[in-house]
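Let's take a friendly walk through one protein chain, moving from the overall picture to single residues. Have the sequence and the 3D view ready as you read.

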Amino acid sequence: MSKSKNDTDCMGGTKRFYVRPARDQKGQQDAIYQLIDPKTGAPYTNATIVAALKERAAEQPALAEMIAADIAAIERKAKENPDAKYEMRCRGKTAQEATRRAKKELLPRIERMAALLFAHYWKANIEYGNVTIEQYVHYAGDALFSGETADARKHMMSALRTFVLPVIGEMRLRDMDSTTQTQLICKVNHLLSRKKASASYRGYAKRAYKGLFAAIESSGYGDCATGIQLADMIAKIKGKNSALVNSVRSAHLDDDQRAALFAVENVERREYLMFVLAMIYCGMETCEISAQRFGDIVQLNLDGGESCYIITITSVMRRLHKRYSQIGPTNNDFPLRRLRKVVLYPWAATILLEYIDYLRNQGYSDHQIAQMRLSDPAPDGAIVGPADLDEMIGDLLMKAGISESPIPRTRKNGAVYLQAEAAGVKLLYRDAQYLAQICGADLPMLHAMFGLVRTETDEEAYLDILSDEYAVARYLRLRRCPSFENIVGKVNRHIFAVKNDTGGPQTVKIISDYAVKAEWREIRDDKNN
C-alpha cells in the first residue's frame with residue numbers, strides 16, 4: 001500500500017493522523033491516530049497490533065509497563081473485533097478543536113505505544129544513522145541528561161531547544177561528519193552571539209551538545225566521538241585577556257595598606273567586618289562565608305595549651321534569580337576543590353573569640369550563635385549573601401584609602417588609556433595568598449588553604465587534605481604570622497651588611513619568631529672586592 005500524505009515518522013515507525021466528520025453524531029469532527037504496520041504498509045488491526053506488542057514486551061519490559069493499560073484495552077477489542085483497524089480518536093465541534101485535543105491527549109499515548117512497537121526498527125535506524133537529531137531528542141524524552149541535577153537539566157534542555165536544535169535538528173546522524181559539524185557549530189556560536197547569550201548559558205549549550213552526542217553513542221550509534229570533541233568549539237564570551245589584565249593589577253597590599261585596613265575605626269558593625277576580613281585572610285571566599293555556620297567551627301587542643309580552630313568547607317552559597325541556595329559536594333555544580341579544611345591564624349582565632357563574646361553581649365545564646373551563618377549579623381535574619389559581603393568589603397577598602405592600580409585599555413582606534421577600578425574582595429584574596437606565602441605556605445598548602453584548582457600532577461599531595469594532622473601542620477606555619485594586636489601583616493624591615501673576608505662561601509643564619517622573607521643584594525667596593 002502506498003504511503004498516505006497523512007503519514008509521518010513516529011519513534012522509528014510511521015503514524016497516520018487525519019480528521020473526518022463523526023459518523024454517529026452530526027456536527028462533530030473526529031481526530032484519529034493510527035499506527036502503520038511496516039510489513040504491510042497498512043494500519044495495524046486490533047489483532048495484529050496486540051500480537052506485535054506482546055512480542056516486543058518480552059524484549060522491552062520497561063516500555064511495556066508504561067502502556068500496560070493500553071495493551072489490556074486492545075486485547076479486549078481484539079476479542080470483539082480482531083480485523084478492525086486499531087485507532088485512537090477524540091472528538092470536537094470543529095476540526096481545529098478535535099486536532100488540538102488529539103495532540104494534547106492522544107499523541108503522548110500513541111508515541112509511547114510506537115516506542116515499544118517499533119523498538120527494533122528504531123535501534124537499527126540508530127545504528128545506521130538514519131535518525132535525525134530532533135527525532136532522537138524527542139524519542140529520548142525525559143531520559144536525556146537524566147544524570148544531571150534537576151536545575152542543570154532544565155537549563156541544558158532550554159539551551160538545546162533554543163540554540164542547538166534550530167541548527168542541527170534536521171540533520172541525520174550519518175551526515176554529521178567532522179566538516180559538517182564544524183560548520184554547524186559556527187552557526188550555533190553565531191546564534192548564541194545574536195541572542196546575546198550569557199557565559200553561563202553558553203556553558204549549558206556546550207554541555208548539552210556534548211551530553212547529546214554521549215547519549216546517542218550509548219544508544220548504539222558508534223560515530224559520536226567527533227561531536228563530543230567538537231563541543232568545545234561552542235565558544236564562551238570573548239572577554240578581556242585576564243592574564244594580561246591581572247599582570248598589572250596590585251599583587252598584594254603593602255604593609256601600610258594592610259595596617260590601615262585593619263585600623264579603620266569609623267564604620268558600622270566594625271566587629272562584624274573585622275571578623276569577615278579575618279575569614280577571608282584564612283582562605284575563605286565570600287560564597288563560603290555565607291554558607292558555613294558557627295557550629296561548623298572545630299577546636300583542636302594542642303600540647304602546650306594552644307588551640308587550633310578549623311572550619312571544613314562543605315557548602316557554598318549561590319544566587320538563583322532572586323533567592324539564595326546552598327549546594328554541597330553531592331551537587332554536580334559544587335567544585336570539589338572547595339571541599340577542604342580552613343585553618344585559622346592565631347590572630348584570626350582571637351578575632352573569632354572576641355566576636356563570639358560580642359554576640360553574647362548582644363543577648364544571643366550559644367545555641368543561637370551556633371545556628372548562625374558566619375555572614376549573619378544576627379540570628380534569624382535575612383541571608384547576607386556573597387554579593388552583599390563583596391559590597392561591604394569594597395566600602396571598607398575605600399574608607400581605608402586602598403585602590404587598585406590603573407588598568408591599561410585599548411580603544412578600537414588603537415589608543416591606550418588607563419581605566420581606574422575600585423579595589424574589591426579579589427585584591428584581598430591575592431593579599432591573603434601573599435601573606436600565607438610569607439608564613440611559609442608552599443603550593444600544596446596554598447591549594448588546600450584557598451581551594452585553588454588542582455592538577456593531576458598534584459593529586460598525591462591531596463590524599464590527606466581533610467585530615468586533622470595536615471590541618472595542624474598548616475597551623476604551625478600560619479602561627480608565624482604577626483599577631484593581630486601588633487597590626488596584621490606589618491613586617492619589620494631590617495637591613496644587614498654582611499662582609500665575607502674568607503674568600504670562600506659562608507652560611508648566614510637568621511632566627512626569628514615569625515616568618516622571614518630575605519632578599520639579597522651584592523655590593524662591591526671600589527676595588528671590585
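## Helix H6 and its surroundings

The buried residues of H6 pack against helix H5 (119–128), helix H7 (150–168) and helix H9 (199–218). Before going on, please note that this is a predicted model, in which local features need pLDDT of at least 70 and side-chain atom pairs count only at pLDDT 80 or more, while totals for chains, interfaces and linings use all residues. Residues are numbered from 1 along each chain as its sequence is written, and side-chain values use heavy atoms, with hydrogens and water left out.

Which residues of H6 are buried? Helix H6 covers residues 133–140, and its buried residues are Ile133, Tyr136, Val137 and Ala140. Seen down the helix axis, the buried residues of H6 fall within an arc of 100°, so they line one face of the helix. That arc is taken from the directions from the helix axis to the C-beta atoms. Here, "buried" means under 20% relative accessible area, "exposed" means over 50%, and "partly exposed" is in between (1.4 Å probe, protein chains only). Helices (H or I, at least four residues) and strands (E, at least two) are DSSP runs, numbered from the N terminus. After H6 comes glycine 141, with a positive phi near 60°.

Helix H2 (61–66), helix H4 (95–117), H5, H6 and H9 are the elements that give two or more residues to the lining.

## The whole chain and its cores

How many helices and strands does the protein chain have? Its secondary structure comes to 20 helices and eleven strands. Of the 529 residues in the chain, 42% are buried. Contact means heavy atoms within 4.5 Å. Among the contacts with a separation of 6 or more, 67% are accounted for by residues 24 or more positions apart.

A nonpolar core is a set of buried Ala, Val, Leu, Ile, Met, Phe, Trp, Tyr and Cys residues joined through side-chain atoms within 4.5 Å. The largest one has 67 residues, and those with the most contacts inside it are Leu261, Tyr281, Phe294, Tyr345, Trp347 and Leu428. Helix H13 (residues 270–281) gives the most to this core, with ten residues. A second, separate core of 39 residues includes Ala152, Val188, Leu191 and Tyr209.

Helix H19 (residues 443–450) is mostly covered, with six of its eight residues buried. The buried ones are Met445, Leu446, His447, Ala448, Met449 and Phe450. Their cover includes H13, strand S9 (340–343), helix H18 (425–438) and helix H20 (468–478).

## Residues in loops

| Residue | State | Relative accessible area |
|---|---|---|
| Leucine 253 | buried | 1% |
| Phenylalanine 145 | buried | 8% |
| Leucine 302 | buried | 18% |
| Alanine 415 | partly exposed | 32% |
| Lysine 196 | exposed | 74% |

Where does leucine 253 sit? Leucine 253 is in the loop between helix H11 (242–247) and helix H12 (255–263). Leaving aside neighbours within four places in sequence, leucine 253 is in contact with Arg258, Leu261, Tyr281, Ile402, Leu427, Leu428 and Asp431. Leucine 253 and aspartate 431 are 178 residues apart in sequence, with 5.9 Å from C-alpha to C-alpha.

Leucine 302 is in the loop between strand S5 (297–301) and strand S6 (307–313). For leucine 302 and valine 472, the separation is 170 residues in sequence and 8.6 Å in space, C-alpha to C-alpha.

Phenylalanine 145 belongs to the loop between H6 and H7, and its phi is positive, near 60°, in a residue other than glycine. Lysine 196 lies in the loop between helix H8 (178–194) and H9, with a positive phi of about 55° although it is not a glycine. Finally, alanine 415 lies in the loop between strand S10 (407–410) and strand S11 (416–419).
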